[in-house]
Every structure is written in C-alpha cells, then in structure tokens.
Amino acid sequence: MILAALAIIAGFALLVWSADRFVEGAAATARHAGMPTLLIGMVIVGFGTSAPEMVVSAMAALDGSPGLALGNAYGSNIANTGLILGATALMIPLAVHSKIVRRELPLLLAISLLTGFFLWNGRLARPEASVLLLGFFALVGWTIYSGLRGKGDVLEGEVQSELEVHAMPLGRALFWVVAGLTLLIVSSRILVWGAVTIAESLGVSDLIIGLTIVALGTSLPELAATVIAARKGEHDIAIGNVVGSNMFNLLAVVGIAGVIAPMDNVPPEMLTRDWPVVIGLTVALFVFGYGFRGQGRINRFEGGLLLAAYIAYNAYLVMTITTAATT
C-alpha cells in the first residue's frame, strides 16, 4: 500500500514534468517546421496537454483495467471544467474573445452527448470506440482548417507570445519530443500500477480511482497551463486549453481505450452519476462562455459555482470510497 502510494506520487511528478517538456518540444519543433502560429496553439499545445490522459488510459486498457481508463477520461473533464476553470475564474474572471473558442463550445457539448449515447447500453464495443477515434481525426482536421482560416484571431497573438517565451533550438526541441514521450509512457506505467494496487487494497473499483486520484493527477498540466495563461491575461488560451482537452479526452482517450479493450460491463453508476455531472458542467461552460448577448465570460460567481460542483461531486466519491473501505 505504501509502495503503491509512493508510485502514484512519483508517477504524477514525472508525468507532469515530462508532459510539459513534450509539449514545449513539439511546439518548438512545429515552429521550426514553419507551421502557422495559430495551428501550433490549437493542435500541438491544445491537444498536447491531454497526452497524459491518453497514455495513462492506453496503459490501463492494456493492463486489463478499462474502468480506470474510462474514469480517467470522464474524471479529467470534470476536473478541467469544475476545478481548473472554476478556481481560475474565481481568482481571475475569464473573458472569451476568440471566435474559434466560441465555436468549440457547442461542439464539446455535442461530443459529450455522443459518448453518453454510446455508453447507454452499458458497454462500449470496438466499433463504437472506432467511431470516437474517427471523430477525433475529424476534429483534428476541423481544427487545422480553423487554424489556417483564423488569421487575426485573438488566440493567435496569445500563442505567439507564448512561443517566443519558450523558443529553443531544433535539436533540443527534437530531444524533448522523444524524451518527453518516453518519460510519459514510463510514468504512466508507474501511475497505473500504483492506482490499481490502491484500488484493490481499498476494495473499490478502478473506476472510482480513475475518477479521483488519476483524473486529478493527469489534469495537472491543464491546471498549470490555465492558471499561468490567465495570470498573463491570455484568457482565450486558458479556456481553449480546457475545451480542447475535454474534446480530446472524450474522443481520443475513450476511443483508444475502447479499441484496445472493449468494455462489456460499463458500471451503471457511470451513467447515473458521472456522465450527468460531465453534461451539467459542459452545459454550464457553454452557457457562461458562449456569450449569447455579447462577449462570453466566466465571472467569479460562475467560477465559484463550477468549483462548488466539483467539490460536492468529489465529496460524494470520497464518501463512496470510505463506505467501501469500512464494509
């Protein structure tokens, strides 16, 4: 139990550090290759921050723990919206200037509904997981199209300033791409082992561990990126990181896990407890951020509501874990 806890702590630390190096290296490499600035921000940086969720869920599926993979994806979305955006907006109200980010909000809601539809019969078959992966590739194509046509968007200027801060030679950038990805895989393997071991010791499902400990840990890169961007006044990067990551989780993370290990027995509480929370937070984000009567924004009150929802949900999960451990 103690060794498993240490494995989780070490895995998280290495995961966050390696994910940051991987994203910076990939962004710098893309810039040396002449990729447009906005495209780097939307594709490389936007989806790169979800690399931990993808690698952890793939490892969990390979190890025969699909519940951990599914919990990681849904739990990360809950953490991204409730904890990260909620806490950030509570400190620094966030305004949505980018037209691209506003277009992504209804798309995220549609994707959230689609994944729930696939899980409604209590299973995720390989064909359904393949549809999610195809949806991810379509999303990447749409993102590239938006990035190429979005010159002059507010998001472009924010990304450009970030790339200048993290500029590096091509050789070093390529090194961090390879090293960062390698360390991501190693740290994910350590983390999954520790999480499964603790789940077995406490007598709770790997789904619960995925929704809580693992989801929070794999969301740390988004937390760091969002808070730093908000403090710099780069509000569209802050919100865009979360929206892009949430879409990536539902399409790529769930899709990859389902293709590797089809899920024949999705826990019923996923549909009655966890999916409604994902939908509720996504609807709230859409309503707050889209700006139906003007500029979209998430003010302190709205951020407090998102954070309160996250705390209440996790308090309920902790009660579930405590009850399971004492029976």
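Q: Before we start, what counts as a helix here?
A: Helices are DSSP runs of H or I with at least four residues, and they are numbered from the N terminus. By that rule Ile2 falls in helix α1, which covers residues 2-32, and please keep in mind that we are looking at a predicted model.

Q: OK, and how many helices and strands are in the chain?
A: The chain has 13 helices and 2 strands. Of its 327 residues, 57% count as buried, and the chain exposes about 13,200 Å², with carbon and sulfur atoms supplying 70% of that area.

Q: What share of the contacts join residues at least 24 apart?
A: If you take the contacts between residues at least 6 apart in sequence, 88% of them join residues at least 24 apart.

Q: Back to Ile2, is it buried or exposed?
A: Ile2 has a relative accessible area of 68%, and because the threshold for exposed is over 50%, Ile2 counts as exposed. Together with Leu6 and Ile9, Ile2 forms a nonpolar patch on the surface, and the three have about 340 Å² of accessible area together.

Q: Now the inside: which residues touch the most other members in the largest nonpolar core?
A: That core has 87 residues, and the ones touching the most other members are Leu68, Leu70, Tyr74, Leu119, Ile209, Ile239 and Ile298. Helix α11, residues 235-260, gives the most to this core, with 13 residues. Apart from it lies another core, of 5 residues, including Met168, Ala173, Trp176 and Ala179.

Q: What is Ile298 in contact with, leaving aside neighbours within four places in sequence?
A: With those neighbours left out, Ile298 is in contact with Leu85, Ala89, Pro93, Leu94, Ile239, Leu285, Phe288, Gly303 and Leu306.

Q: And Asn246, where is its place?
A: Asn246 sits in helix α11, and with a relative accessible area of 1% the residue is buried.

Q: What does its side chain make a polar contact with?
A: The side chain of Asn246 makes a polar contact with the side chain of Asn80, at 2.9 Å. Setting aside neighbours within four places in sequence, Asn246 is in contact with Asn77, Asn80, Thr81 and Leu108.

Q: Switching topic, how many salt bridges are there?
A: The count comes to 2 salt bridges. In one of them, the side chains of Arg123 and Asp264 meet at 3.6 Å, N to O. Arg123 lies in the loop between α5 (99-119) and α6 (126-149), while Asp264 lies in the loop between α11 and α12 (268-290), so the pair ties together parts that are 141 residues apart in sequence.

Q: Is Arg123 buried, exposed or partly exposed?
A: Arg123 is partly exposed, since its relative accessible area is 35%.

Q: Which side chains meet at 2.6 Å, N to O?
A: Those are the side chains of Asp274 and Arg273, which meet in a salt bridge. Asp274 is buried, with a relative accessible area of 0%, and Arg273 is buried too, with a value of 14%.

Q: Last one, how far is Leu148 from Pro36 in space?
A: The C-alpha to C-alpha separation of Leu148 and Pro36 is 7.4 Å, although the two are 112 residues apart in sequence. Leu148 is found in helix α6, and at 46% relative accessibility Leu148 counts as partly exposed.

Definitions and conventions. Residues are numbered from 1 along each chain as its sequence is written. This is a predicted model: local features need pLDDT of at least 70, side-chain atom pairs count only at pLDDT 80 or more; totals for chains, interfaces and linings use all residues. Side-chain values use heavy atoms; hydrogens and water are left out. Patches are made of residues with over 30% relative accessible area and no salt bridge: like charges are joined within 9 Å, nonpolar side chains (Val, Leu, Ile, Met, Phe, Trp, Tyr) within 5 Å. Accessible areas come from the Shrake-Rupley method with a 1.4 Å probe; for residues, only the protein chains shown count as cover. A salt bridge is a side-chain nitrogen of Lys or Arg within 4 Å of a carboxyl oxygen of Asp or Glu. Buried means under 20% relative accessible area, exposed over 50%, partly exposed in between (1.4 Å probe, protein chains only). A nonpolar core is a set of buried Ala, Val, Leu, Ile, Met, Phe, Trp, Tyr and Cys residues joined through side-chain atoms within 4.5 Å. Contact means heavy atoms within 4.5 Å. A polar contact is a pair of N or O atoms within 3.5 Å; within protein, one must be able to donate a hydrogen and the other to accept it, and residues adjacent in sequence count only if both atoms are side-chain atoms.
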